Amino acid sequence: MVYTPFPMDILTAIRSAEDIVVIGHSNPDGDCVFSQLALSRVLTSLGKHVTLLNEGPFARDEIARFENMFLTEAPSSLVERNPLVIVVDCSTIDRPGKVIAPFASCRMIVLDHHSSGEPFTDSSLMYIQPLSVSTTLIVDALREALGVPLDQTTASYIYKGFVTDTGFFHFISDKVGGETLRRVSHLVDHGVSPYCVYDEMHDGKSLSYFKGVAGLVDRVQSRYDGALLYTWQTDDDGFEGKPADDIYAQLLQVEGVRVVLFFKQKEDEIDIGMRSKNGSGIDIGAFASSHGGGGHRYAAGAKVKGELDDVIRNTIEDLRSVL
Ligand SMILES: [Mn+2]
């Protein structure tokens, strides 16, 4: 059973709260944004006053149009009301960035599915389920526990987080059981069209985006007899859009590959996106954790200060023992 019963403290805290702030991680992805949006609808239907906080940026195409539903800073009037805080899709307290600091003394519920991390609230207010393929499915389980009926818009948010984190059904192992897909079938019964959502979340890219992706693929380097493939993007590339997921999807299909790394220069920091191949036996989340980052078994990341060349060289060297 993936979705074990929710701690009574979580349900009681939500039922008795008037003001609730829902916080997600900075640089949000679809699972984070749609978890916040779905949870907001569930809580609003219970009569709660809900504020969505996320410092952004809302850089990905599929979430950009929802930006106006979020505050990027905590209003002091809200902090003074001592709201209940619910943090979603965050495994450590630094993931939300600066928006969480004003609420340090508030009661905090954490809903997450990352396999690594540092607890940052009372254990009775945490619901951490690494076997949940997305945080939106945890929100769906919470909705059910609170006795809130599903509606089409909430179902579409839950589905969009699910497809973001599963690469549209790709990264689902048998360990998560039929329970996961039964939850998804319920979403379809409530009016979600998988076909339409796929198109909605992929269409509208420019041709120059794909030429840019081709350029990044063109510079891919292979190490450890092809077990590692990596590429990089610098500020000078002037790239529009977020190519990482398209890069991973292609490179993870190459014969013999076990790990794909994508280095992205952001001013004085390098963002390292990491993926390991299903069946490779490599827990890239654990590797990311040992480099100050975190994530899941097959998908993780870390931010490292330094020059691009140095970070690439050091990371590749550190992977030697893993590969
Ligand atoms: Mn997630």
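Is Asp 237 buried, partly exposed or exposed, and what is its relative accessible area? In this predicted model, Asp 237 is partly exposed, with a relative accessible area of 27%.

**Salt bridges**

Asp 237 is the partner of Arg 219 in a salt bridge whose closest N and O atoms are 3.0 Å apart. The two residues come from distant parts of the chain, 18 residues apart, with Arg 219 in the loop between helix H9 (207–218) and strand S6 (221–223) and Asp 237 in the loop between strand S7 (228–233) and helix H10 (244–251). Arg 219 is itself partly exposed, at a relative accessible area of 23%.

| Salt bridge | Closest N and O atoms |
|---|---|
| Arg 219 with Asp 237 | 3.0 Å |
| Asp 271 with Lys 303 | 3.4 Å |
| Glu 317 with Arg 320 | 2.9 Å |

Asp 271 is buried, with a relative accessible area of 19%, whereas Lys 303 counts as partly exposed at 46% relative accessibility.

In the pair formed by Glu 317 and Arg 320, Glu 317 is partly exposed at a relative accessible area of 42%, and Arg 320 also counts as partly exposed, at 49% relative accessibility. Elsewhere, salt bridges with shared partners join Asp 140, Arg 143, Glu 144 and Arg 183 into one network.

**Cysteines**

The count of disulfides comes to zero. Cys 106 is in no disulfide, and the nearest cysteine sulfur, that of Cys 90, is 16 Å away, while a disulfide requires the two sulfur atoms to be within 2.5 Å. Cys 106 is buried, with a relative accessible area of 10%.

Definitions and conventions. Residues numbered from 1 in each chain as written. Predicted model: local features only at pLDDT ≥ 70, side-chain atom pairs only at ≥ 80, totals over all residues. Heavy atoms only, no water. Buried < 20%, exposed > 50% of the residue type's maximum accessible area, 1.4 Å probe, protein only. Salt bridge = Lys/Arg side-chain N within 4 Å of Asp/Glu carboxyl O. Helix = DSSP H or I, 4+ residues; strand = E, 2+ residues; numbered from the N terminus.
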